[in-house]
Amino acid sequence: MTATDATPVTSLPAPAPVRTDWRRTILRSLLYGRDVDRAAKTRARLGLAIVAFALGYAVIAGRLVMFAAQPEGHTGRHVTPGLVGTARPDILDRNGEILATDVRVPSLFAEPNRIIDVDEATELLTAVLPDLDSMEVRERLGSKRRFAWLKRDITPRQRAEIYRLGQPGIGFLPENKRVYPNGNEVSHLIGHVNIDNQGIAGIEKWLDRSGLADLHMAGLATDRLQEPVRLAVDLRVQHALRDELIKGRDKFKAKAAAGLIVSVRTGEIIAMVSVPDYDPNNPREALDPNRINRLTTGVYEMGSTFKALTLAMALDSGKANLNSSFDARAPLHFGKFEIHDAHPEGRFLSLSEVFTYSSNIGAARIALMMGVEAHKAFLKKMGQLDRLRTELPESAEPLVPRNWGELNTVTIAFGHGLAVAPLQAVMGVSALVNGGYLIPPTFLRRSEEQAKALAVRVIRPETSDKMRYLMRLNAEKGTARQADVPGYYVGGKTGTSEKVIGGHYSKDRVLNSFTAILPADDPRYQVLIMLDEPQALPETHGFRTSGWNAVPTGAAVIGRVAPLLGIQPRFDLPPADQLILASIVPSR
Amino acid sequence: MMRLLNICVIVALVAAAAYVYKIKFESTRKAEQVAKLRLDIQRERDTIAALRAEWSKLDNPLRIQDLARRHLELRPIDSRQFDQLQGLPERPPDLVPPDSPDPIGSLLEHPDPPTSSIPPAGRPK
């Protein structure tokens, strides 16, 4: 529009300068031009004005067309006026079962400045909602504020009844409420949200961290149209694991139980249970310290499970083979400490016997043979010395001895003196049996190609084959015999570690674990079972070692989940000596 | 001439205004309809979400397991109950060769047949 003032001067023919009375001439020439017909001048000006106005209207018309042609981007926001509480994407398991979803519920609020009779309103409201505190309601309604929540999350029926009261100044706002239809089953994994629908634990918190919170800030995430998040967990497997763990915990009167099923080829966590757990619909339960997730937030001395790592280190270095023998004739004296075997054989043991008899002395000697530095470096390579981070925000740092001497190496060789998160140990054992690839565990779905891209080779494939053999041998002849579920060719390693009570290892408080791989000749899944302080029973002949409680629990779990995981039972398979050991191709 | 033109222009103007008004009215109505449909869709979505939550609550494995234990004879499957496809026994041989006429049908067609009209029971050699 401002162009009309400036254009006439420049668009007219430039006036020629006149010598006489130059100031007047310049002014005249600027205004009219030299020797110009006034009438022609006026016409030209009119024409110019017409062009300018036409241009202006053309611009307006053009904008109108543009507005009309544009899709109305802002109407969507008017659909849900006043929606409080942000929407979150649904969380599904690997088969598409809902683990967490949003449901819209009404919440009751008041505008106190519009309430006529506070006492009457309080009386009527508390009649409909008996769990409201009448004192508090009266106080809120009597305040001079313009807005006050009365009750979040009421039922549609209560809403209808309050409508019928016909009280002014009382209204409802629809809010998104997070519901977990499966209750306790996936509690630790999923985590939970607070009253404002913000994730404060588990995968829910991870969702907020990975960008959802920013969307909320921008006010964009109010709609339900967000892509659901698919996890690696399988609800059916999760349930079977939890059911068997609770049975095992009750049977052996253990304080707690935990279980983990991971895919050794992809690192996906198929099921993760730590009982006692909590109901994410009632997050207050989660505050009880007894209900923590023992698999990621707790660190434990994993006991004999660590012997698998010790032996793999020796085998991988080439300094020992399956038949190397180690002196286990007498307890190993080390300073003022004495290392015993639980079931002393009192003779030289071959490396595979060290594994099947779970000889502490043997494992200690193997680690000493390798040396402190090599031991430390190997455990570092296997990811046992650093904090393992997954999608879950909760993680625990392993307790690594500050001054790692020979004594530490000796005890860590059989799983004492180094406390790691069980998930971490599972990752390490997976790498031992899956061909030697260390794959970080994940709660999200991952294909084998993606896993390959992430994997780091940590041991040689032949070493991995030998570890499979040892694991299978242990289920055929060793401590894990009770886990040999027919048809699934299970391999496994037991672990019984004494808990440190008041600075001393306690004889009668133990943490038992059982790590199983199935099928042992070509592992696809790894199962970890942990029982915290199981008690000896008459059925277990007074024993409280892992072979008597964690292993049968593991066997029950495997029997139930293997069909769900799609593992075909095979019968009449030859023993490990023929099936696995004979097929190892020596590389040197 | 000029007057006729003016009248034409005025008529055209009125017609255009009426047309524009009609379009405007229509579009307002359509917009309202769209908003209403959006609201309906939103409500339907919310209902679907609520029903799906309800469904997965009912479909919870723990609940199904309790129900199954109480009302069904079924027990968890055992690995010995699986078998390979090769483990199936051979299909028993047909008593009647596949391309021979239906023996019972031919019996019905000839109510009193000589015994020789029944096709010989074809046991494969």
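**Figure 1. Burial and fold of chain A.** Of the 588 residues that make up chain A in this predicted model, 45% count as buried. The secondary structure of chain A comprises 20 helices and 18 strands. When contacts in chain A between residues at least 6 apart in sequence are considered, 71% of them join residues that are at least 24 apart.

**Figure 2. The contact between chain A and chain B.** Chain A contributes 28 residues to the contact, while chain B contributes 21 residues. On the side of chain B that touches chain A, the elements giving two or more residues are H1 and helix H2 (61-71) of chain B. The largest share of this side of chain B, amounting to twelve residues, is supplied by H1(B). By residue class, the side of chain B that touches chain A holds ten nonpolar residues, together with six charged and five polar ones.

**Figure 3. Confidence along chain B.** The average pLDDT of chain B is 84, and 88% of its residues score at least 70. Within chain B, confidence is highest in helix H1 (residues 2-58), where the mean is 93, and lowest in helix H3 (residues 103-109), where the mean is 78. Helix H1 of chain B, with its mean of 93, is also the element that gives twelve residues to the side of chain B that touches chain A.

**Figure 4. Scores of the model with both chains.** For the prediction as a whole, the model scores an ipTM of 0.70 and a pTM of 0.76. A close-up of the contact, with 21 residues from chain B and 28 residues from chain A, may be read alongside these scores.

How values were computed:
Residues numbered from 1 in each chain as written. Chains lettered and ligands numbered in written order. Predicted model: local features only at pLDDT ≥ 70, side-chain atom pairs only at ≥ 80, totals over all residues. pLDDT = per-residue confidence, 0-100. Helix = DSSP H or I, 4+ residues; strand = E, 2+ residues; numbered from the N terminus. Contact = placed C-beta atoms within 7 Å. Nonpolar A, V, L, I, M, F, W, Y, C, P; charged D, E, K, R; others polar. Buried ≥ 20, exposed ≤ 12 C-beta atoms within 10 Å, placed from the backbone.
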